[in-house]
Amino acid sequence: MRLRDLMLDTAPLRESRDFRAIFIARTVSLLGLGMAAVALSDQVYDLTESSFGVAVTTMTMSVAVLLGSLSGGVLADRMDRRRLIVLARSAAGLAFVGLAANAFADRPSVAVIYACVAWNGLATGVSVTTLMAVTPTLVRPAQLPAAGALISLTGQIGSIAAPFLGGVIIALWEPGWAYAVTAAATALTVVLLARVGPLPPRRGEKDEEGTTSPWAGFRFALRHPTVGGLLVLGAVTAMFSVPTVLFPELVAGRFGGDELVLGLLYTAPAAGAVVVSTTSGWLGGTRRPGVVLLGAAFLGGLATIGFGLSEALPVALAMLAVTGAAGVVYEVLEYSLAQHHTPDGLRGRITGVFNAEDTTGRILAGAEAAALARWFNPGGAAVVNGAVCAGVALLLAVSVPSLRRATLEKKPAEAGP
């Protein structure tokens with residue numbers, strides 16, 4: 001394999017004007033959202049003097065994104081997707097304007113913050129679901145892994161750069177300016193997205209594909225073993241991933257209680273993810289994406305076990321980097337296979353189901369990890385989580401042969417088996 005074959009495939013950006021506009025808009029949007037998240041945590045804690053208040057903010061956002069993802073999936077299969085994304089991002093921009101106005105007020109209101117967060121979560125859930133559903137119509141089928149890798153890279157860069165930028169803005173000025181910058185960034189994304197051509201959903205000939213029922217996506221997933229298998233594995237990996245909520249306890253009890261160490265633990269998975277994203281060119285050429293996906297889930301589980309057992313910090317950081325790297329491979333191929341095997345008339349609802357599943361899993365993951373840590377210890381919780389992920393990947397590899405044999409070479413199946 002040549003070195004050039006390993007590099008990130010940017011062909012979707014070069015060849016598709018609409019994908020390029022959506023990619024830039026997503027990058028700008030994620031940077032703004034990351035800055036706003038830091039400002040929210042800082043402002044809510046200052047106003048409430050309670051970590052519980054910050055937790056309520058996070059939970060409100062998560063529940064709103066969950067509802068937005070499900071409703072957005074239905075809407076994305078009923079109306080022009082470009083128009084829906086523009087409307088959703090415009091609505092999100094209004095939420096940031098409200099947060100900025102509230103922050104600059106003499107007596108900021110916590111209730112206004114929660115209301116704006118809920119409104120933004122709904123809008124974000126709709127826009128993210130629609131954007132992911134529309135991407136396969138903007139690139140060639142063979143470019144789906146490359147498009148998925150590019151989308152994943154924007155998320156990883158945003159998770160590293162945005163909190164830093166948000167912290168700088170808050171340190172120099174105040175949270176209101178972070179919201180104002182995010183509102184301006186959102187306005188820019190609306191302008192970029194408005195330049196994309198109309199993107200109406202394509203209706204299938206079969207009733208299952210053409211119906212606008214919100215339950216059609218669930219029925220399709222239940223009857224299509226590949227998509228159904230991806231949903232099962234996605235639910236497990238979302239809920240039983242690396243228990244980041246236990247990082248502070250692990251640092252205090254195992255790695256010396258240094259805040260710098262805590263930052264390294266949070267950064268290590270993102271670092272591994274960025275490395276793989278920028279060398280993901282090979283994913284587009286793999287002939288057995290189903291096998292590679294299952295292998296990535298299995299490897300991520302083993303690395304999580306290794307992290308739980310690690311007594312030395314360098315080993316723990318290496319294991320976390322591997323989980324991040326494996327996670328990118330899994331994420332890119334899950335997206336590519338799910339979109340490839342789903343008719344366009346159902347892509348909005350299927351994407352909404354996947355996004356809702358991921359959001360729900362992350363909401364439950366913290367409680368699950370905390371419960372396991374009480375029964376065992378933080379390291380033991382990581383070991384159990386990793387064993388569950390690796391075990392389910394092996395189980396699906398044996399029991400769902402269509403997932404193991406799944407490729408990106410054939411046309412999407414017209415219906416379930």
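Predicted model: local features only at pLDDT ≥ 70, side-chain atom pairs only at ≥ 80, totals over all residues.
Residues are numbered from 1 along each chain as its sequence is written, and side-chain values use heavy atoms, with hydrogens and water left out.

The expected span is 1.5 Å times one less than the number of residues in the helix. Just after H3, Glu49 adopts a positive phi of about 55 degrees. Helix H5, residues 81-104, has 24 residues and extends 35 Å from its first C-alpha to its last, close to the expected 34 Å.

At the start of H5, a side-chain oxygen of Asp80 comes to within 3.2 Å of the backbone nitrogen of Arg82. Further along H5 lies Val86, which is buried at 17% relative accessible area. The term buried denotes under 20% relative accessible area, exposed over 50%, and partly exposed the range in between (1.4 Å probe, protein chains only). Apart from residues up to four places away in sequence, Val86 touches Val190, Leu193 and Ala194, where contact means heavy atoms within 4.5 Å. Val86 and Ala297, by comparison, are 211 residues apart in sequence and 35 Å apart in space, C-alpha to C-alpha.

The whole structure contains six salt bridges, each defined as a side-chain nitrogen of Lys or Arg within 4 Å of a carboxyl oxygen of Asp or Glu. One of them pairs Glu15 with Arg140, with the closest N and O atoms 3.3 Å apart. Because Glu15 lies in helix H2 (residues 11-15) and Arg140 in the loop between helix H6 (110-134) and H7, this pair ties together parts that are 125 residues apart in sequence. Arg140 is partly exposed, at 44% relative accessibility.

A further salt bridge joins the side chains of Arg81 and Asp77 at 2.9 Å, N to O. Arg81 is buried, with a relative accessible area of 1%, and Asp77 is likewise buried, at 0%.

Another buried residue is Thr226, at 4% relative accessibility. Thr226 belongs to helix H11, residues 225-239. Leaving aside neighbours within four places in sequence, its contacts are His341, Ser402, Leu403 and Ala406.

On the surface, Phe104, Phe164, Leu165, Val168, Leu172, Trp173 and Trp177 form a nonpolar patch with about 760 Å² of accessible area together. Helix H7, residues 144-172, gives the most to this patch, with four residues. Leu165 is located in helix H7 and is partly exposed, with a relative accessible area of 36%. Patches consist of residues with over 30% relative accessible area and no salt bridge, like charges being joined within 9 Å and nonpolar side chains (Val, Leu, Ile, Met, Phe, Trp, Tyr) within 5 Å. Accessible areas come from the Shrake-Rupley method with a 1.4 Å probe, and for residues only the protein chains shown count as cover.

Terms used. Helix = DSSP H or I, 4+ residues; strand = E, 2+ residues; numbered from the N terminus. Polar contact = N/O pair within 3.5 Å; in protein donor to acceptor, adjacent residues only side chain to side chain.
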